[in-house]
Amino acid sequence: MVPRGLSDADSGELRGEHIRRSLSLVYKCLRIADVTMADVDRILVVGGAARPPEVAQVLAKELARPVVVSADPERTIADGAAIVARQALLAQESASHRHHSLTGLFRRVTRVAAL
């Protein structure tokens, strides 16, 4: 929602400026992880804040990398967590040959997350 008196263009420019100011945090995280931009071949943007088009546009321009935004960015982390949980459960079951009581639940959660 755009505040009264603020056009969509103004709102987009403010959002773009906010993203540019936050890039110092991106570079700090890369330094902490001992990674350089040369190691990065694309940017994955997740969460509801990834929806406005300015996010991908500014990041692509400023970081000179392609930006990937999933069709439903709010669910990206939850989907990945469900998939990893299921893989861990299957690995555990395979190693112990035991049936875990939550197997059916995890299969349903993973199936929903993969939709």
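Sorting the lining of the largest pocket by residue class, I find 11 nonpolar residues, one polar residue and no charged residues. I keep in mind throughout that this is a predicted model.

I then looked up the extent of the largest pocket, and its computed volume is about 310 Å³. The residues that line the largest pocket are Ile19, Ser22, Leu25, Val26, Cys29, Leu30, Met37, Val40, Ile43, Val55, Leu59 and Leu63. I note that helix 1 and helix 2 are the elements that give two or more residues to this lining, and that helix 1 supplies the largest share of the lining, namely six residues.

Next I turned to helix 2, which spans residues 53–63, and I list its buried residues as Glu54, Val55, Val58, Leu59 and Leu63. These residues lie on the same side of helix 2, because the arc they cover around the axis is only 125 degrees. On the other side of helix 2 I find Pro53, Gln57 and Lys61, which are exposed.

What do the buried residues of helix 2 pack against? I find that they pack against helix 1 (8–32), strand 1 (43–45) and strand 2 (67–69).

Last, I checked what comes after helix 2, and I record that Ala64 follows the helix with a positive phi, near 55 degrees.

How values were computed
Residues are numbered from 1 along each chain as its sequence is written. This is a predicted model: local features need pLDDT of at least 70, side-chain atom pairs count only at pLDDT 80 or more; totals for chains, interfaces and linings use all residues. Side-chain values use heavy atoms; hydrogens and water are left out. Buried means under 20% relative accessible area, exposed over 50%, partly exposed in between (1.4 Å probe, protein chains only). Helices (H or I, at least four residues) and strands (E, at least two) are DSSP runs, numbered from the N terminus. The arc is that of the directions from the helix axis to the C-beta atoms. Contact means heavy atoms within 4.5 Å. On a 1 Å grid over the protein atoms alone, a cavity is a set of points where a 1.4 Å probe fits but cannot get out, and a pocket is an open set with protein on both sides within 12 Å along at least five of seven lines; lining residues have an atom within 4 Å of a point. Grid points are joined across faces, edges and corners, and a volume is the space filled by probe spheres set on the points. Ala, Val, Leu, Ile, Met, Phe, Trp, Tyr, Cys and Pro count as nonpolar, Asp, Glu, Lys and Arg as charged, and the others, Gly among them, as polar.
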